[in-house]
Amino acid sequence: MKTEFYTLGTFEFPADAVVIKGKLEAEGIPVFLRDEATINSDPLISAALGGVKLQVYSSDRERAKEIFDDIRSYATDRLGNPVVCPNCKATKSEIYYSRSNVFYKLFPFFEPRKYQCMQCNFITRPAR
């Protein structure tokens, strides 16, 4: 039987993922952290790998997503205010990297910051 995984979220630092992992496991949901050991051994490659991926079994997806949505923190601007989606006006956005060309794949830290709304999936750049 093939086991399917669902990536619940990605994190730049393993410590951030471990906090969520602890909460999900306390609720009885098995959690797997993909690329955690690699990033722990060399934190500078986190952006190149796309961060630590917090994964759950697909069968636990909905329950895990509800728990994660209750405790997660969303993107904020430089003043600490939540980023507002210009499309749907929701305040539930996360940092988004597209890695759309070879340059950004090789040097991901140069890619301009963008946000993806978790409500409508709209991608926007922050206001300057």
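Start by selecting helix 4, residues 61-71, in this predicted model. Which of its residues are buried? They are Ala-64, Ile-67 and Phe-68. Look down the axis of helix 4 and you'll find these buried residues inside an arc of 100°, so they line one face of the helix.

What do the buried residues of helix 4 pack against? Bring up strand 1 (5-11), helix 1 (14-26) and strand 3 (52-57), and you have the packing partners.

Keep helix 1 and helix 4 on screen and hide the rest for a moment. Their axes come within 10 Å and cross at roughly 130°. An angle over 145 degrees would count as roughly antiparallel and 65 to 115 as roughly perpendicular, so helix 1 and helix 4 are oblique to each other. Helix 1 makes a right-handed crossing with helix 4.

For the contact itself, select Ile-20, Lys-23 and Leu-24 on the helix 1 side, then Ala-64, Ile-67, Phe-68 and Ile-71 on the helix 4 side. Sorted by type, the residues of this contact come out as 6 nonpolar, no polar and 1 charged.

Next, jump to Leu-8, which sits in strand 1. Is Leu-8 buried or exposed? Its relative accessible area is 8%, so Leu-8 is buried. Skip the neighbours within four places in sequence, and the contacts of Leu-8 are Leu-24, Leu-54, Gln-55, Ala-64, Lys-65 and Phe-68. If you want a distance to check, draw one from the C-alpha of Leu-8 to that of Phe-32: the separation is 10 Å, for residues 24 apart along the chain.

Move on to Ser-93 in strand 4 (residues 93-96). With 2% relative accessibility, Ser-93 counts as buried. Beyond its neighbours within four places in sequence, Ser-93 touches Tyr-74, Ala-75, Val-83, Tyr-115, Gln-116, Cys-117 and Met-118.

Then select Lys-114, in strand 5. Lys-114 has a relative accessible area of 14% and is therefore buried. Leaving out neighbours within four places in sequence, show its contacts: Glu-94, Ile-95, Tyr-96, Ser-98, Ile-123, Thr-124, Arg-125 and Pro-126.

Last, a backbone check. Most residues other than glycine have a negative phi. Which way does Lys-89 go, positive or negative? Lys-89 isn't a glycine, yet its phi is positive, at about 70°. Find Lys-89 in the loop between helix 4 and strand 4; with a relative accessible area of 59%, it is exposed.

Asn-121 is another stop for the torsion display: its phi is also positive, near 65°. Look for Asn-121 in the loop between strand 5 (114-117) and strand 6 (123-124). At 49% relative accessibility, Asn-121 counts as partly exposed.

Notes:
Residues numbered from 1 in each chain as written. Predicted model: local features only at pLDDT ≥ 70, side-chain atom pairs only at ≥ 80, totals over all residues. Heavy atoms only, no water. Buried < 20%, exposed > 50% of the residue type's maximum accessible area, 1.4 Å probe, protein only. Helix = DSSP H or I, 4+ residues; strand = E, 2+ residues; numbered from the N terminus. Arc of directions from axis to C-beta. Contact = heavy atoms within 4.5 Å. Axes fitted to C-alpha atoms, helices over the stretch in contact; angles between N-to-C directions. Parallel < 35°, antiparallel > 145°, perpendicular 65-115°, else oblique. Left-handed = near helix turned anticlockwise from the far one by under 90°. Nonpolar A, V, L, I, M, F, W, Y, C, P; charged D, E, K, R; others polar.
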